[in-house]
Amino acid sequence: MRRRGVGQSSRSYFSIIRRLLSSLTESERIGFCFDIDGVLTKGSRALPEAQRALEILHNSNGKPRMPVAYLTNGGGVTEGDRSKQLASMFGIQIDPEQMILSHSPFRKLSSKFQSKPVLVVGRGDSQHVARHYGYSHIISSKQLIERNPSCVPFMNAESMHADSEGVPRYGTEQNPIEAIMIFTDPSDWYLEIQVILDLLLYGGVFGGTTEYLNSRGQQPQLFISHGDSVWSNEFPTPRLGLGSFTSCLETLYKDRTGMNLAYRVFGKPHREAYLLAEDALQAQASKLWNAPTCSKIFAIGDNPSADIRGANRQGDPWVSVLVRTGVFNGGLNCSVDPAHIVVDNVEDAILTAMNHCRRDRWHSLR
């Protein structure tokens, strides 16, 4: 495992912490579930407290000493690629099974839409991720727009170029779009909102008509990978997220139709993401301890409305831990979604979690 300027006092510090870890009893076999942005990183920069925290939980070969999962509302890459990125940043080993991205639950939906036309929305390698999950009939908004650029009259034609060679003509009356899957926050809200609205209003047909929607009697199903309204990067204040994009889409849809927009959201704080995290932690507990599960799972996050609300909804054995290095950066606790534990950073979160277990043991012996 990579060491960064570790002096004698630091080595002694880690030695004490590891002795504490090794002394944990069976009832104190705990797991950790980390958010990434605002907890371990700020944009592309690793937080120094995160480096020390992960060194506590991993041995000299970079392997975890106890179950660890990474549960983020980020995405746009495969779980394997994101694991490699984070592992390289911190000098540890991370298996793809430990990484749960906002769109990871989309994998289970692929069997339903495997042979149906799907619009894939999102930055990065979202189309590659969709194919990796098993979606074989996909198209992007830019590929649709190339057929009729007048769809977005205020866009520069050069900025709309997409590789459409060999792409079937999905979004037609013969092959209407059956599902819209938003993998990540779009970078161009105007373009994506316009295309998504067109498909929703006209039965999955790009350039369709009201008559066709009425005759078909349905619209594409809409799936959204997460609902974070804001998130934290290097900028001093939180940035707008996919939840804010969805709010705009909802408002415009209701303005056009008078109806509420029907859609399904995944990611934190919703149950599906936590089930995947539990599966990852249980698999590690079985390998490390031959135990079926963790006695406690400490979910460490910076966003009360996602990380803390989600962990609190799960109940035992989940324990919510709020840090002040991201979206939440002040105050004793969040009044709307209060955490079980509030600390300054992720390193403090690890130490507090272990002390929490030792305190529980002491109380049980009284």
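Biologist: Which residues in H7 meet H9?

Modeller: Happy to start there, with the reminder that this is a predicted model. On the H9 side, the contact takes in Ser244, Phe245, Cys248, Leu249, Leu252, Tyr253, Arg256 and Thr257. The residues of the contact of H7 with H9 divide into 11 nonpolar, 2 polar and 2 charged. The partners contributed by H7 are Trp189, Glu192, Ile193, Ile196, Leu197, Leu200 and Leu201.

Biologist: Are H7 and H9 parallel or oblique to each other?

Modeller: The axes of the two helices are 11 Å apart, and H7 and H9 pack at an angle of about 45 degrees. Angles under 35 degrees count as roughly parallel and 65 to 115 as roughly perpendicular. The angle therefore makes H7, relative to H9, oblique.

Biologist: And what is the handedness of the crossing of H7 and H9?

Modeller: The pair to picture is helix H7, residues 189-201, and helix H9, residues 242-257. As H7 passes H9, the crossing is right-handed.

Biologist: What span should H9 have, and what is the distance between its end C-alpha atoms?

Modeller: H9 has 16 residues, and the estimate uses 1.5 Å a residue.

Biologist: What covers the buried residues of H9?

Modeller: The residues in need of cover are Leu242, Gly243, Ser244, Phe245, Thr246, Leu249 and Tyr253, which are buried. Helix H7 is one of the elements over them. The cover also includes strand E8 (179-182), strand E9 (221-224) and strand E11 (239-240).

Biologist: Which residue follows H9, and what is its phi?

Modeller: The residue after H9 is Gly258. Its phi is positive, near 80 degrees.

Biologist: Back in H7, is Asp198 buried or exposed?

Modeller: Asp198 is found in helix H7. Leaving aside neighbours within four places in sequence, Asp198 is in contact with Cys151, Val205 and Phe206. Its C-alpha atom is separated by 10.0 Å from that of Tyr253, 55 residues apart along the chain. Buried means under 20% relative accessible area, so Asp198, at 14%, counts as buried.

Biologist: Let us turn to another helix: how many residues of H2 are buried?

Modeller: Helix H2 runs over residues 48-57. Its buried residues are Glu49, Ala50, Gln51, Ala53, Leu54, Glu55, Ile56 and Leu57. H2 is largely enclosed by the rest of the structure, because the buried part of its 10 residues comes to 8.

Biologist: What is the relative accessible area of Leu54?

Modeller: Leu54 lies in helix H2. Ile350 is 296 residues from Leu54 in sequence, yet the two are 9.0 Å apart in space, C-alpha to C-alpha. Leu54 is buried, and its relative accessible area is 0%.

Biologist: Where is Pro317, which a cis peptide bond joins to Asp316?

Modeller: The omega of the bond between Asp316 and Pro317 is about 10 degrees. Pro317 is found in the loop between helix H11 (304-314) and strand E14 (318-323).

Biologist: Is Asn290 buried or exposed?

Modeller: Asn290 sits in the loop between H10 and strand E13 (296-301). Although Asn290 is not a glycine, it has a positive phi of about 55 degrees. Exposed means over 50% relative accessible area, so Asn290, at 69%, is exposed.

Biologist: To finish, what percentage of the residues in the protein chain is buried?

Modeller: The protein chain holds 12 helices and 15 strands. Of its contacts with a separation of 6 or more, 67% are between residues 24 or more positions apart. Among the 366 residues of the chain, the buried share is 52%.

Definitions and conventions. Residues numbered from 1 in each chain as written. Predicted model: local features only at pLDDT ≥ 70, side-chain atom pairs only at ≥ 80, totals over all residues. Heavy atoms only, no water. Helix = DSSP H or I, 4+ residues; strand = E, 2+ residues; numbered from the N terminus. Buried < 20%, exposed > 50% of the residue type's maximum accessible area, 1.4 Å probe, protein only. Expected span 1.5 Å × (residues − 1). Contact = heavy atoms within 4.5 Å. Axes fitted to C-alpha atoms, helices over the stretch in contact; angles between N-to-C directions. Parallel < 35°, antiparallel > 145°, perpendicular 65-115°, else oblique. Left-handed = near helix turned anticlockwise from the far one by under 90°. Nonpolar A, V, L, I, M, F, W, Y, C, P; charged D, E, K, R; others polar.
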